[in-house]
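Here are a few notes to go with your first look at this one. Have the structure open while you read.

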Amino acid sequence: MPTNSIAHDPDLYKNPETFDAYRFLNKRMASQADAQRHQFVSTSPDSLPFGHGKFACPGRFFAAAQIKLVLANVIMKYDVSFPGTQTQRPDNVFTGEGIAPDRKQKVVFKQRQKL
């Protein structure tokens, strides 16, 4: 599936090359009809990470819940940073239609003190 091409289509996403943490929130807030669209687990011809139609992944809701649990625990229990004085995010690694972070990048997890 051409998910990378869809994600970078300016007809579908305003400024697709620029990171916007609120991109999908803003799409949901655009109208009452869009309030339930553009969710992480939503499927459409414009959002194919979980497939679409009768072939959509039935485990996508469970996967989303697990991701939220893991991230909530990391955020609450650890300070996460790059090592030393590094402040720049590393470049993405592209493999065909896949996109991933650089697997050689080190990340520091420092456990927070309990209050």
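Is F50 buried or exposed? Keep that in mind for point 1, and remember throughout that this is a predicted model.

1. F50 comes out as buried, since its relative accessible area is 18% and the cut-off for buried is under 20%. F40, on the other hand, counts as exposed at 52% relative accessibility.

2. Those two rings pair up. The centres of F40 and F50 sit 5.5 Å apart with the planes at 90°, so this is an edge-to-face pair. Both residues lie in the loop between α2 and α3 (60-77), so the contact ties together parts 10 residues apart in sequence.

3. By the ring-pairing rule, the count is 3 aromatic pairs. Another of them joins Y13 and F24: with centres 5.8 Å apart and planes at 75°, the pair is edge-to-face. Y13 belongs to the loop between α1 and α2 while F24 is in helix α2, so parts 11 residues apart in sequence are tied together. Y13 is buried at 11% relative accessible area, whereas F24 is partly exposed at 39%.

4. Now have a look at the largest pocket, with a volume of about 1,600 Å³. Its lining takes in 38 residues, and Y13 and F24 turn up again here, among those nearest the centre along with A7, R23 and P49.

5. As for what builds that lining, α1 (3-7), α2 (23-29) and β3 (98-100) each give at least two residues. The largest share, 5 residues, is from α2. By type, the lining splits into 18 nonpolar, 11 polar and 9 charged residues.

Conventions. Residues numbered from 1 in each chain as written. Predicted model: local features only at pLDDT ≥ 70, side-chain atom pairs only at ≥ 80, totals over all residues. Heavy atoms only, no water. 1 Å grid on protein atoms, 1.4 Å probe; cavity = no way out; pocket = protein on both sides within 12 Å on 5 of 7 lines; lining within 4 Å. Points joined across faces, edges and corners; volume = space filled by probe spheres on them. Helix = DSSP H or I, 4+ residues; strand = E, 2+ residues; numbered from the N terminus. Nonpolar A, V, L, I, M, F, W, Y, C, P; charged D, E, K, R; others polar. Phe/Tyr/Trp six-rings, centres within 6.5 Å; stacked < 30°, edge-to-face > 60°. Buried < 20%, exposed > 50% of the residue type's maximum accessible area, 1.4 Å probe, protein only.
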